[in-house]
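Student: Pick one part of this model and take me through it slowly, please. I'd like the residues and the cut-offs spelled out as you go.

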Amino acid sequence: MLGIGFLIGSIILRRELKIKGLDENLAINITFISLISGIVGSKLFYIIEKWNFGDIPLSQLLTGDVIFSSSGLTFYGGLIVSIVVLIIYCRINKLNVLQIFDCMAPAAALAYGIARIGCHLSGDGDYGIPTNGTMWEFIGYDYSNGTVPTPPGVLAHPTSIYEFVIAILIFMYLWNYQKNSKFNGDVFFRYLILSGFSRFVIEIIRLNPDVVAGLSQAQLISIALIVFGTVMLIIKSKKPADV
């Protein structure tokens, strides 16, 4: 599903580049860079997260079984590292960073949702709190056969499916809004705000450890993205200079 997400994202990005009069072949390079840096960043953040919370000793985290496994990917790690690497790529090739990121935003939103289907199908631990005995029991899902199984008989919130649905809504909004975007970065910063807000809410029912003030690591990063996106929208709306 991760591969399918990147493939569909690349097709959408190619279309967006063409509409904006840019070289549509850039989509291949950008997708490849995003794929590699995204996986490296996701795995790196996963290792840091597990080591920081003492879940797994560092010696075990640095083994080939962990590093090269298809599981153990932290989305925000991939997002942050990809953004940094792509900024460098754009600077080297004299491309407008925010214009490229605007083209990528709708594709990134949809690709993320598609990848979450893989989390659901594999039962990799990205599910939520139990629904047994609550009004939400009817939508609970049994992940007892997953790669990170729930106890037998325990039904959990299928948060990956929730995120898939939300990702489609974010994609549709950005897809339609970009026609009316007012400056470079307008679409991208809205993507950061919407994706950050949705992840913050989802984390309320996800099984992730608290870091500070009852907030998980993902929620802290979500807040940072929301604040950054909001501040940049305000700044750019007053002085929409190209970057």
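**A close look at α9 and its partners**

Tutor: Helix α5 (residues 75-92) and α9 have axes that come within 10 Å and cross at roughly 35°. Keep in mind that this is a predicted model, where local features need pLDDT of at least 70, side-chain atom pairs count only at pLDDT 80 or more, and totals for chains, interfaces and linings use all residues. Numbering starts from 1 along each chain as its sequence is written, and side-chain values use heavy atoms, with hydrogens and water left out. Helices here are DSSP runs (H or I, at least four residues) and strands are E runs of at least two, numbered from the N terminus. Axes are lines fitted to C-alpha atoms, for helices over the stretch in contact, with angles from 0 to 180 degrees between N-to-C directions.

Back to α5 and α9: Tyr76, Leu79 and Ile80 of α5 touch Ala218, Ile221, Ser222 and Leu225 of α9 (contact means heavy atoms within 4.5 Å). That makes six nonpolar residues, one polar and no charged ones; Ala, Val, Leu, Ile, Met, Phe, Trp, Tyr, Cys and Pro count as nonpolar, Asp, Glu, Lys and Arg as charged, and the others, Gly among them, as polar.

Now the other partner. Helix α8 (residues 186-202) packs on α9 (residues 217-238) at about 150°, and their axes are 8 Å apart. On the α8 side, the contact residues include Phe189, Leu192, Ile193, Phe197 and Phe200, and on the α9 side they include Ser222, Leu225, Phe228, Met232 and Lys236. By class, the α8 contact with α9 has 12 nonpolar, five polar and four charged residues. Ser222 and Leu225 of α9 also turn up in the α5 contact.

One more stop on α5: Tyr89 sits in that helix. With 14% relative accessibility, Tyr89 counts as buried (under 20% relative accessible area is buried, over 50% exposed, in between partly exposed, using a 1.4 Å probe and protein chains only). Setting aside neighbours within four places in sequence, Tyr89 contacts Leu26, Asn29, Ile30, Ile33 and Leu95. Its C-alpha lies 8.8 Å from that of Ile33, though the pair are 56 residues apart along the chain.
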